Amino acid sequence: MPSFPNPGSVTICEINRDLITAENLSDERAKETYGKLLGTVFSPVPFQLDQPVRPPSPELDAVPLVTVERKGLVSTLQEIVNDSLKRLFHPNDVTQLPEVDLQGVSWHQHKHIIAFISGSNQVIVRDYEDSEGKEPCILSNDSQQDVKLLEWRPNGGRTLAVACKGGICIWVASYPGIAAPVRSGAASFLGTLSRGSGIRYILVDFLRSQNDEQISALSWSPDGRYLASGSFESSSFTIWDVAQGAGTPIRRGLGGISTLKWSPTGDYFFSAKFDGTFYLWETNTWTSESWSSTSGFVMGATWDPDGRMILLAFSKSSTLGSIHFASKPPSLDAHLLPVELPEIISLTNSQGIDRIAWDASGERLAVSYKGGDDLYRGLIAVYDVRRTPLISASLIGFIRGPGDNPKPISMAFHDEFKQGPLLSLCWSSGFCCTYPLIFRSHILS
């Protein structure tokens, strides 16, 4: 039977397919359950999440007669047509944006450092390896407005990309006597220090988006050289050479961007749009194949560890899709197959899948869902995943967060934690909690 957390309890960890709970959050309880096995405790990080103001849905405004007289009838009508076409192909992107699996929490690839969005303009960094930095570090800057998602740079030291209004903030750790270098030519307002104890961070660059668009999709290449960004306001995405601060726009289709994901090997790149289309790219020549969905738009995507399949969540379906490549790169020959999660509807009485996170080992899948009855609302479903070679998933149980009526805001796995899957969840109750999922026999022996 799947593990179920009783109302009023909080989940601590998984021990061999059993999700352990306690009456309240406690480092002592964590030490008893997994601390002795792992040699460390991941204390919850409290925060106060403000409520960011969502932009209004676009509406076609009337054109004043004076505009017609000044610009001429033909040019004004052309502007109206262009504006109408733009809004026709992504009229609801702003209102649909909250449905997208925005990565509001990110683990450093090689270190026990977590970063998460703690407010509309603020990011918190918690370094579990810094013995002096018990208090989290707060990253804020006047340029960092309306933060949507963030991601640590692979193979780039302590470098964090934060997507916000008008561009991307690049933060780098600064050590005593070794200041993080600000890119030559970057604006003079850069170099602002973070607040908090332990290691400080400096804003070393601001990659400005076209037309000051809100960045709402972000993905680093696995070597850390390139950064892909996109916006619900634009049909093109940009590949940034971060060292040079230069971006190359790439366009396919007409809808606004919903999701971007580089494969772990770097051979493939995935992009999706709010109109239900999505694209598989091979990155040798940047050739693409287009796909379309009848189950809504792609609101979440995650690659398997080998980069040979990608798992997709759709806005109007409780069934996931998995795309399997039929041959080696740069081939784009692939097949889309369903991955059933029947308990999402039968047990929870939900209205579909909300967010997904897949462990880098490919063995654990975390799923949040929309709505659900009173007993299951706000929980996270954890699945045991097998790839033999097709994906199958069996429900292990559910995770319940702390506080009153907690709901998951964002979640992510630590991709390089050696002792098993390590899942972090930011809850609406104001806690970022980390859950070790321990099931390997050599750890338990």
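**Close-up 1. N155 in the loop between β8 and β9 of the predicted model.** N155 counts as exposed because its relative accessibility is 53%; buried means under 20% relative accessible area, exposed over 50%, and partly exposed in between, with a 1.4 Å probe and protein chains only. Although not a glycine, N155 has a positive phi of about 55°. Residues are numbered from 1 along each chain as its sequence is written, and side-chain values use heavy atoms, with hydrogens and water left out.

**Close-up 2. N349 in the loop between α5 and β24.** The loop runs between α5 (343-346) and β24 (350-358). N349, a residue other than glycine, has a positive phi near 60°. With 49% relative accessibility, N349 counts as partly exposed.

**Close-up 3. The hairpin of β1 and β2.** Strands β1 (residues 10-15) and β2 (residues 18-22) run antiparallel and are joined by five bridges; two strands pair if DSSP finds at least two bridges between them. E14 stands opposite L19 in β2. Two residues lie between the strands, and N16 in the turn has a positive phi of about 50°.

**Close-up 4. Two cis peptide bonds.** P329 and P330 are joined by a cis peptide bond with omega of about 10°; P330 lies in the loop between β22 (320-325) and β23 (334-339). Another cis peptide bond joins T388 and P389, with omega of about -10°. P389 is in the loop between β26 (380-387) and β27 (391-399).

Definitions and conventions
This is a predicted model: local features need pLDDT of at least 70, side-chain atom pairs count only at pLDDT 80 or more; totals for chains, interfaces and linings use all residues. Helices (H or I, at least four residues) and strands (E, at least two) are DSSP runs, numbered from the N terminus.
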